[in-house]
Amino acid sequence: MKALYKKLAIQNLTKNRTVYIPYIMAQTLMVALFYDLLFLEGNKKILYLPGGETIQQTLAYGGLLMGVFVMIFLFYVNSVLIKQRKKEFGLYRVLGMEHRHLKKVIFYETSIANAVSFVLGIISGIVFSGLMYMILLKILGEKAALAFGISGEAIWYTLLQFGFLFLVVLLYNYRQLKKVNLRELLQEHAQGDREPKTKKGLMIFGIICLIIGYGIALVVRNIFASLIWFFVAAIFVIIGTYALFTAGSIIFLKKIKEDKEKYYTPRYFTAVSGLLHRMKRNAAGLAGICILSTMILVTCAMSVSVFFGQQHAIRTIFPSDIIVTMSGTSDPQQDIEYIKGQAEKAAQQTGISVKEVKLSDLSEVEKSMTLVEGTQNVQIELSGSDEEKYECSTRLELNTEDGSYTYQSAHFISKQSPQEGAQSIRATYGGFLFLGIFLGAMFMVATVLMIYYKQISEGYEDRQRYVIMKKVGMNDEEVRESIQTQVLLVFFLPLVMAAVHILAALKIMVQICGILSIGFGTVFLCTIGTVLVFSLIYKGVYKQTAKVYYTIVDQQ
Amino acid sequence: MELLKVEQVKKIYTTKLGGSNVQALSDITFSIDRGEYVAIMGESGSGKTTLLNILATLDQPTKGKILLEGKELGRLSEKKAAKFRREQLGFVFQDFNLLDTLSVKDNILLPLVLSGYPQNEMMKRIKPIAARLHISDLLEKYPYEISGGQKQRTAVARGLIMNPKLILADEPTGALDSHAALQLLDIFAEINRDGQTVLMVTHSTEAASHAKRVLFIKDGMVYHQLYRGERSREEMYQMITNVLTAIATGGER
Ligand SMILES: Nc1ncnc2c1ncn2[C@@H]1O[C@H](COP(=O)(O)OP(=O)(O)OP(=O)(O)O)[C@@H](O)[C@H]1O
Ligand SMILES: [Mg+2]
């Protein structure tokens with residue numbers, strides 16, 4: 001008996017391979033990414049690198065974020081798949097299979113799908129870990145060394161995470177099985193989706209949510225509140241997007257339908273009527289694609305900004321070759337003279353010369369972070385190479401007492417040079433950049449999967465309609481045109497919306513990047529670039545999956 | 001006057017895998033005059049649907065010619081064939097083939113929309129046809145809200161709206177109860193009286209007895225044909241039954 005269930009489970013998975021293979025592939029990728037993140041986060045070699053601790057903290061934070069996202073996303077995908085198969089389960093029941101038998105089949109199906117993706121995921125995770133390790137070292141400015149990582153701990157935590165997911169998914173699938181109502185099932189097919197009602201209230205609600213979300217994003221001033229407000233704004237925007245897609249798309253399509261001159265043309269007639277009827281179910285998917293796209297855009301735009309802004313940021317934080325920070329000065333001129341003298345001594349020993357020594361104000365960022373009152377910076381400019389400058393800065397001696405630099409009236413809080421500082425900056429920024437790449441990749445996988453599922457489920461729905469229309473006298477070209485109108489509306493609406501979202505998010509992004517001393521120009525250009533590149537990728541994905549759609553519709 | 005001429009049509013299906021060939025039609029020859037009402041009968045698998053698909057340009061014959069008003073349809077390009085189907089032919093199928101996403105009215109208008117007719121012309125045409133098929137009150141409803149008979153009448157309306165030269169029907173009464181079937185047959189008789197040429201494939205002796213002529217297909221060939229002439233429907237019914245019995249028992253004609 002057991003063998004029979006197993007066989008049935010495998011048969012079912014193969015029969016539904018058009019949906020299960022992408023699902024297993026996506027889960028595999030997520031397991032691999034998750035494993036790699038954990039592996040890097042716990043890697044001792046990285047910990048002992050300069051700045052390694054900072055990076056690992058950033059990664060830990062990212063791991064948490066990723067864990068939550070992966071759970072929600074894979075759970076959602078599974079629920080969509082299992083709901084699609086309700087009819088199949090109903091058929092088994094009609095053919096005389098008992099509920100508990102079906103439960104066993106489901107158990108094997110879920111186990112096989114999860115086990116396969118877990119094992120494949122861990123294997124590819126181990127294979128890729130070397131690459132990830134190299135990339136991370138490169139970002140940190142270290143010599144890249146190839147090392148494969150098999151970490152029992154990382155495997156164990158990945159197993160915990162995906163084991164938990166497996167349990168949740170299994171229980172959910174059991175519940176769905178219970179919900180299969182045979183009588184309804186047999187009637188379901190005859191009942192088409194009704195034309196949905198216009199929901200003006202929901203639309204207004206959505207618009208209000210968006211306005212609030214955008215408003216927060218545009219109004220927030222305090223840099224440190226940015227992060228929290230970013231999430232609050234994001235939640236409003238997510239709710240608003242769902243509401244707007246659900247209600248707005250229906251209103252939009254109905255508008256076209258009311259315009260009789262437009263509606264009764266080959267281009268719009270079948271596309272609009274078809275879309276309208278399934279919009280109730282589709283809107284959530286579209287909103288999901290839009291939100292995911294926005295997440296990709298935000299993550300990637302910020303990472304790219306960090307990447308390109310790094311050099312500039314080092315220069316902003318360390319505007320000169322050596323910076324001496326001091327406080328409580330009663331006679332700054334005298335202090336500068338002293339520093340100058342010491343610096344010249346150090347420069348002479350190194351074999352270079354001092355170009356300029358001057359007093360400077362603190363930057364906005366520094367002001368907000370400095371606790372000591374009356375703090376001032378002295379900037380020292382040197383001639384020579386980076387190495388020589390660094391050597392000179394280590395030679396520079398300033399009198400200290402009680403652990404802080406003191407001279408006459410001044411307390412010298414710190415002495416820094418960019419060469420030193422760059423290390424810690426690279427660690428912080430590198431962490432962000434790396435995490436950005438990671439999360440971006442994950443969101444991308446999720447988006448592609450969602451687009452793919454939309455295309456195939458719609459393909460199967462539309463097939464019968466296009467068969468009928470061909471019989472009645474629609475030619476292949478017209479079929480393609482009609483499909484294009486439909487697909488264009490469906491797929492580029494989320495993209496446009498995502499672009500609008502990111503425009504609203506731009507200010508907050510600039511503020512967050514401001515903490516890292518990355519300027520508006522950099523963020524703006526990087527965002528535009530990211531949007532353009534993403535649009536191209538999106539178009540490519542759409543084209544590839546549209547091919548799948550055409551093949552399904554064209555099948556005889 | 002001759003409207004449709006089918007000359008020695010042969011159809012062989014070649015299955016992709018295995019390479020076994022199925023001969024669905026071996027040698028079909030017949031013609032139909034303008035204003036005729038012809039039924040085609042035959043056992044399951046005798047090639048009726050295949051023949052209809054070829055007449056509809058949905059499929060191409062392996063051999064032979066089909067002429068509509070003297071013009072050969074044989075190898076029209078895909079685009080021309082679609083235009084031809086839309087403008088010259090009207091279809092009625094067993095399972096209605098209505099689009100669930102369109103209202104009854106829009107289903108009927110579909111061929112006009114595909115042909116790019118102006119909107120006011122569409123509205124002008126739909127009124128009389130809907131009235132004739134007794135579906136004027138249903139125009140705003142959707143296919144899932146109406147009965148099988150009403151669906152089939154909607155499909156007939158869609159078939160008629162382009163004023164086609166020929167109506168092709170594949171077992172139009174197959175999914176209807178006897179009352180709805182009779183209603184539909186009355187409608188076919190009525191539109192035929194008004195000059196519409198109808199070609200109908202059917203399993204039902206009842207349905208065939210409404211036609212003016214019945215063609216019997218066996219083993220991919222025209223086996224026999226009956227003209228109704230001045231006979232009553234009951235007499236015609238009896239004659240069809242006799243021929244069918246002869247086919248079933250393998251007797252000579
Ligand atoms: N696409 C196809 N490929 C291969 N063989 C086919 C195909 N379509 C039909 N056939 C074969 O051609 C023969 C005639 O089929 P057809 O559908 O025309 O029969 P029919 O007279 O319409 O039968 P029914 O009364 O059951 O509808 C059958 O033997 C069938 O198996
Ligand atoms: Mg048939």
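Helices (H or I, at least four residues) and strands (E, at least two) are taken here as DSSP runs, numbered from the N terminus. The structure is a predicted model, in which local features need pLDDT of at least 70 and side-chain atom pairs count only at pLDDT 80 or more, whereas totals for chains, interfaces and linings use all residues. Residues are numbered from 1 along each chain as its sequence is written, chains are lettered from A and ligands numbered from 1 in the order in which they are written, and side-chain values use heavy atoms, with hydrogens and water left out.

In chain B, strand S2 (21-33) and helix H1 (48-55) each supply at least two residues of the shell around ligand 1, and the largest share, 3 residues, comes from H1(B). A residue is near a molecule if one of its heavy atoms lies within 4 Å of it; of the 13 residues around ligand 1, those that come nearest are B:Ser44, B:Gly45, B:Lys48, B:Thr49 and B:Thr50. The shell divides into 3 nonpolar, 7 polar and 3 charged residues, where Ala, Val, Leu, Ile, Met, Phe, Trp, Tyr, Cys and Pro count as nonpolar, Asp, Glu, Lys and Arg as charged, and the others, Gly among them, as polar.

Polar contacts are pairs of N or O atoms within 3.5 Å; within protein, one atom must be able to donate a hydrogen and the other to accept it, and residues adjacent in sequence count only if both atoms are side-chain atoms. For ligand 1, an oxygen atom lies 2.5 Å from an N or O atom in the side chain of B:Ser44, and an oxygen atom of the ligand is likewise 2.5 Å from an N or O atom in the side chain of B:Thr50. A polar side-chain atom of B:His203 is found 3.0 Å from an oxygen atom of ligand 1. Taken alone, ligand 1 exposes 630 Å², of which the protein buries 62%; accessible areas come from the Shrake-Rupley method with a 1.4 Å probe, and for residues only the protein chains shown count as cover.

Over all chains, the structure holds 20 salt bridges, each defined as a side-chain nitrogen of Lys or Arg within 4 Å of a carboxyl oxygen of Asp or Glu. In one of them, A:Glu88 pairs with A:Lys15, the closest N and O atoms being 3.9 Å apart. Because A:Glu88 lies in helix H5 (residues 86-94) of chain A and A:Lys15 in helix H1 (residues 2-15) of chain A, the pair ties together parts that are 73 residues apart in sequence. With buried meaning under 20% relative accessible area, exposed over 50% and partly exposed in between (1.4 Å probe, protein chains only), A:Glu88 is buried at 15%, whereas A:Lys15 is exposed at 52%. A:Glu88 also meets A:Arg85 in a salt bridge (3.0 Å, N to O), and both of these residues are buried. A network of salt bridges links A:Lys15, A:Arg85, A:Glu88 and A:Glu109. A further salt bridge joins the side chains of A:Glu98 and A:Arg100 (3.0 Å, N to O), with A:Glu98 partly exposed at 39% relative accessibility.

Helix H6 of chain A contains A:Ser117, which is buried, with a relative accessible area of 0%. A polar atom of the A:Ser117 side chain lies 3.0 Å from the backbone oxygen of A:Ala113, and the backbone oxygen of A:Asn114 is 3.1 Å from a polar atom of that side chain. A:Ile123 also lies in helix H6 (residues 99-139) and, at 48% relative accessibility, counts as partly exposed. Together with A:Val119, A:Val127, A:Phe128, A:Leu131 and A:Ile135, A:Ile123 forms a nonpolar patch on the surface, with about 510 Å² of accessible area. Patches are made of residues with over 30% relative accessible area and no salt bridge, like charges being joined within 9 Å and nonpolar side chains (Val, Leu, Ile, Met, Phe, Trp, Tyr) within 5 Å.

Two residues of chain B were considered for their backbone geometry. B:Glu69 has a positive phi of about 50 degrees although it is not a glycine; B:Glu69 lies in the loop between S4 and strand S5 (71-72) and is partly exposed, with a relative accessible area of 33%. B:Glu171, likewise not a glycine, has a positive phi of about 45 degrees; B:Glu171 is found in the loop between strand S7 (166-170) and helix H6 (178-193) of chain B and counts as buried at 14% relative accessibility.
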